[in-house]
Amino acid sequence: MDLTLYNFPLSPCGEKVRLALAEKGATYREISIDLGRKENLTPEFLRMSPKGYVPVLVAGADVVRESTVIIEYLDDLLPDPPLRPPSPAERSRMRLWTKLVDETLHPAWPGLAWPILVRPRWLAQGDAAVERMLNQLPDPARRERQRRLYRLGTEAPDSADTMRVFDAVIDDMEEALAAGPWLAGSAFSLADIAVLPYLFVVDVFGMRDRFESRAPRVADWYARADARLAWGGSLRSLYPAALLAEVGRLSVEARLRIASGAAPDAGAGQVPRPESAAGRAH
Ligand SMILES: N[C@@H](CCC(=O)N[C@@H](CS)C(=O)NCC(=O)O)C(=O)O
């Protein structure tokens, strides 16, 4: 089967798909869609993904979008090794995690990602060019958020909210991992694949301490997930070293601001706590 993945490097939704493909041992072609240059808003791309989101997977004649849908599609298409637990109880737990990521963790992600991955390039291009790109965005809420993050970087309220959401999800994970080695229970599954790219990015941004310092089971889970054979014992092997070095460099300033502004529990109660997957799983 001919597989093509449209992705933006380090976009966690696209990375989920890459992790699932790696676990399956699948070969595929990857096409990079530069979100900073709005390559996701070309008519050709919008035909595949009407909201202009990466990732998109093209498998033969099938064009599949929405990362959680794509990873389940892949598990149907390439059943070995299975990435959904066989028992209905564990499978339902797996889906609580993928739902938590779709509904809560991912919507919070731009508050961390845009200041680091996109803003520096936008600052170099200047306001007029950035406004031209922002005005192409069909969704006004998305446009305003990107404008805020461009203007204010990690000073935008979005960034502190993001860190609080991340911290709450880490707490949920810590609780769930008391019951088994992986998030859905006994086996590595799409639940782990759904969350892992977000913690990996926290790590690449130099903020691993965010979970290592206070969530020992999550730290252990992360170390075991990072060491999986599917990616040769290190998630970093999936990326060009130059990209990781560049992102590490770009994240220094953001990291320091976030560390000084939004420590775990600071401001608790200002944003709604995400609905807990762990809490409902037991
Ligand atoms: N629910 C979608 C969300 C995808 C999404 O938010 N993709 C981001 C990258 S992480 C994107 O393409 N953003 C482009 C933009 O907002 O302009 C999924 O899970 O695939």
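The model is predicted.

**First stop: strand 1 and its partners**

Select strand 1 together with strand 3 (residues 56-59): 4 bridges join the two, and they run antiparallel. To locate one of the bridges, find Tyr 6, whose bridge partner in strand 3 is Val 56.

In which sense does strand 2 pair with strand 1? The two strands pair in the parallel sense, over 4 bridges. Thr 4 has Arg 29 as its bridge partner in strand 2. If helix 1 is also displayed, a right-handed β-α-β unit can be traced, made of strand 1, helix 1 and strand 2.

Is strand 1 largely enclosed or open? Of the 5 residues of strand 1 (residues 3-7), 4 are buried, so the strand is largely enclosed by the rest of the structure.

**Second stop: Leu 57**

Return to strand 3 and select Leu 57, which has its place there. Leu 57 counts as buried because it has 27 C-beta neighbours inside 10 Å, the cut-off for a buried residue being 20 or more. Next, draw a distance from Leu 57 to Cys 13, C-alpha to C-alpha: the two residues are 12 Å apart in space and 44 residues apart in sequence.

Centre the view on the ligand and display the residues around it. How many residues surround the ligand? There are 16, and the closest are Ser 11, Cys 13, Tyr 53, Val 54 and Ser 67. Helix 1 (12-24), helix 3 (67-77) and helix 4 (88-108) are the elements that give two or more residues to this shell.

Colouring the shell by residue class gives 7 nonpolar, 6 polar and 3 charged residues.

Finally, select helix 5 (residues 110-125) and view it from the side. Where does helix 5 bend? The bend, of about 55°, is at Arg 119, and a proline, Pro 120, follows within four residues. Arg 119 is itself buried. Other buried residues in helix 5 include Pro 110, Leu 112, Trp 114, Ile 116, Val 118 and Trp 122.

Definitions and conventions. Residues are numbered from 1 along each chain as its sequence is written. This is a predicted model: local features need pLDDT of at least 70, side-chain atom pairs count only at pLDDT 80 or more; totals for chains, interfaces and linings use all residues. A residue is near a molecule or strand if its C-beta atom, placed from the backbone, lies within 6 Å of it. Ala, Val, Leu, Ile, Met, Phe, Trp, Tyr, Cys and Pro count as nonpolar, Asp, Glu, Lys and Arg as charged, and the others, Gly among them, as polar. A residue is buried if 20 or more other C-beta atoms lie within 10 Å of its own, exposed if 12 or fewer, and partly exposed in between; C-beta atoms are placed from the backbone. Two strands pair if DSSP finds at least two bridges between them. A crossover is right-handed if, with the strands pointing away from the viewer, the path from the first strand over the helix to the second runs clockwise. The bend at a residue is the angle between axes fitted to the seven residues ending there and the seven starting there.
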